[in-house]
Amino acid sequence: MPIKKIGIVGAGQMGSGIAHVVALSGFDVAVNDLERDRFDKALSSIDKNLTRQVASGKIDEEEKKRTLARIKFAESFADFADADLVVEAATEEETVKRKIFVALCPYLKPDAIVSTNTSSISITRLAAATDRPEHFIGLHFMNPAPVMELVEMIRGIATDDVTFARTREFVDALGKTVAVSEDFPAFMVNRILLPMINEAVYTLYEGVGSVDAIDTAMRLGAHHPMGPLQLADFIGLDTCLSIMQVLYEGLADSKYRPCPLLVKYVEAGWLGRKTHRGFYDYRGDTPMPTR
Ligand code: NAD
């Protein structure tokens, strides 16, 4: 049975990016969030990003219209009753995700696949919160989802072959490339990327360099397209901290301890771009380093 209808839980940066990609590839998609307002914001950012794609000649105006028409608000999980696949893209907190799966599953078709876009949390453990561990899989889109080519696929201990094959076919239909990872904390991309970001925060914390110096060093000295602190703000500092905590606890190795300065920024509610302040202040015309 091919996948046709998609449900997405969470209309934040990732939920909206995934809705964009999925709808542009011809799938009908319903998006749920805690408040309607978040969906409206997501839809207007998708509109803006599609307009950019029209301007650069990647798609035409008709395709943009058809894409937007495929994206609907799901007021409750009851609106996912006809979904073939649900992608959970809510806040990176295990308790939040577990509660979502418990509430979601009773509304789904028995053969519907449940997936999570978690950046770091155990797929096997999340699967255990559902009524269908065999139809559960990790589907880790990168940010921004419409631009990044990769999707990591992670099987939990119980994920069956049919679920893996159906999901892979879906990812192929989106034009993305798959990298298969074992179910270990933070999988592959974030296992490598986040310790680098955390080290950049330590470099700032210890006064080795300023925000600007550290980012310039890595942009020009290592040819990274973004500096690590710029990237941290882009990912969201709450998400970065959660991933470091999962690595620290999951691998029981002190080399993964989150930098206290990262903790402090999160405690201040300075979460990066999404709250307009993080290692940079985005409230003016140009981002200004906050240290
Ligand atoms: P975000 O903070 O931008 O969005 C999270 C959304 O989830 C919010 O709109 C919030 O209202 C919603 N939400 C929270 N609880 C909910 C609930 N019970 N029901 C419905 N909606 C709920 O976060 P994000 O950056 O989009 O991250 C979402 C997921 O994607 C996380 O698991 C994260 O680890 C993962 N991820 C993030 C990135 C990144 O770069 N930010 C990249 C890949 C994967």
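Ala252 is found in the loop between H10 and helix H11 (260-267), where helices (H or I, at least four residues) and strands (E, at least two) are DSSP runs numbered from the N terminus. Ala252 has a positive phi of about 50° although it is not a glycine, and with a relative accessible area of 71% Ala252 is exposed; here, buried means under 20% relative accessible area, exposed over 50%, and partly exposed in between (1.4 Å probe, protein chains only). The model is a predicted one, in which local features need pLDDT of at least 70 and side-chain atom pairs count only at pLDDT 80 or more, while totals for chains, interfaces and linings use all residues. Residues are numbered from 1 along each chain as its sequence is written, and side-chain values use heavy atoms, with hydrogens and water left out.

A positive phi is also found at His223, which is not a glycine either and whose phi is near 55°. His223 is placed in the loop between helix H8 (211-221) and helix H9 (228-235), and at 68% relative accessibility His223 counts as exposed. A further backbone feature is the peptide bond from Asn143 to Pro144, which is cis, with omega near -5°; Pro144 itself is found in the loop between S6 and strand S7 (150-155). As background to these cases, most residues other than glycine have a negative phi, and most peptide bonds are trans.

Considered as a whole, the chain contains 11 helices and 10 strands. The radius of gyration of the chain, which is taken over C-alpha atoms, is 19 Å, close to the 19 Å that the globule rule gives for 291 residues, so the chain is as compact as a globular protein of that length; the globule rule is 2.2 Å times the number of residues to the power 0.38. The C-alpha trace spans about 55 × 45 × 30 Å along its principal axes, and buried residues make up 49% of the 291 residues in the chain.

The ligand has 25 residues around it, of which Asp33, Arg38, Glu92, Lys97 and Ser119 come nearest, a residue being near a molecule or strand if one of its heavy atoms lies within 4 Å of it. By class, this shell has 9 nonpolar, 11 polar and 5 charged residues; Ala, Val, Leu, Ile, Met, Phe, Trp, Tyr, Cys and Pro count as nonpolar, Asp, Glu, Lys and Arg as charged, and the others, Gly among them, as polar. Domain 1 (5-181) and domain 2 (190-289) both give residues to the shell, so the ligand lies between them, the domain bounds coming from an automatic or database domain assignment.

A polar side-chain atom of Asp33 lies 2.6 Å from an oxygen atom of the ligand, and a backbone N or O atom of Gln13 lies 3.1 Å from an oxygen atom of the ligand. For Ile235, a backbone N or O atom lies 2.8 Å from a nitrogen atom of the ligand. Such a polar contact is a pair of N or O atoms within 3.5 Å; within protein, one must be able to donate a hydrogen and the other to accept it, and residues adjacent in sequence count only if both atoms are side-chain atoms. Taken alone, the ligand exposes 840 Å², and the protein buries 89% of that, with accessible areas coming from the Shrake-Rupley method with a 1.4 Å probe and, for residues, only the protein chains shown counting as cover. The elements that give two or more residues to the shell are helix H1 (13-24), helix H4 (94-104) and strand S6 (136-141), and H4 gives the most, with 3 residues.

Helix H4 also holds Ala103, which at 36% relative accessibility counts as partly exposed. The C-alpha atoms of Ala103 and Phe77, 26 residues apart along the chain, are separated by 7.8 Å. Leu85, in strand S4 (residues 85-88), is buried, with a relative accessible area of 0%; Leu85 and Phe170 are 85 residues apart in sequence and 9.4 Å apart in space, C-alpha to C-alpha. Finally, Thr130 occupies the loop between helix H5 (123-127) and S6 and counts as buried at 11% relative accessibility, and the side chain of Thr130 reaches the backbone oxygen of Ala127 at 2.7 Å.
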